[in-house]
Amino acid sequence: MRRILEKLGHPQDKCTIVLCDNGSTIKLSKNPVMHGRSKHIDVRFHFLRDLTKDGVIELKHCCTQEQIADIITKPLKLDVYLKLRELLGVCVVPGVKLNALLQSV
């Protein structure tokens, strides 16, 4: 994402903040001592640790209920969907009823 933004003329000077609801991932990224006990963990988590160590990204905790990415990765109840949609900043189109959309799917 940083490379794409840079190509578009919007380089980031500061580290990118990544919201994560997995406490173990955040601890692993900050504590290299745990490396000996985590050899079985996928390469992508070690990649995150290296990016954190280099100051490219910063992992911050986000509670599961506020994990906005869930709206595109998980089936959700209607109330959770509406809350996450609002957090994304998606506006409601006047004249379009949600029930009509749900019935057409």
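**Ground rules.** I number residues from 1 along each chain as its sequence is written, and I use heavy atoms for side-chain values, leaving out hydrogens and water. Because the model is predicted, local features need pLDDT of at least 70 and side-chain atom pairs count only at pLDDT 80 or more, while totals for chains, interfaces and linings use all residues.

**Confidence.** I looked up pLDDT, the predictor's confidence in each residue, from 0 to 100. The chain averages 78, and 77% of the residues score at least 70. Helices here are DSSP runs of H or I, at least four residues, numbered from the N terminus.

**Salt bridge.** I searched for a side-chain nitrogen of Lys or Arg within 4 Å of a carboxyl oxygen of Asp or Glu. I found one salt bridge in the structure. Lys74 pairs with Asp70, and their closest N and O atoms are 3.5 Å apart. Asp70 is buried at 10% relative accessibility; buried means under 20% relative accessible area, exposed over 50%, partly exposed in between (1.4 Å probe, protein chains only). Lys74 is partly exposed at 44%.

**Arg85.** I found Arg85 in helix 5 (residues 78–88). Arg85 is buried but has no salt bridge, and the nearest side chain of opposite charge, Glu86, is 7.3 Å away. Lys and Arg count as positive, Asp and Glu as negative; His and the chain ends are not counted. Leaving out residues up to four places away in sequence, Arg85 touches Ile71, Val90 and Val92, where contact means heavy atoms within 4.5 Å.

Definitions and conventions. Helices (H or I, at least four residues) and strands (E, at least two) are DSSP runs, numbered from the N terminus.
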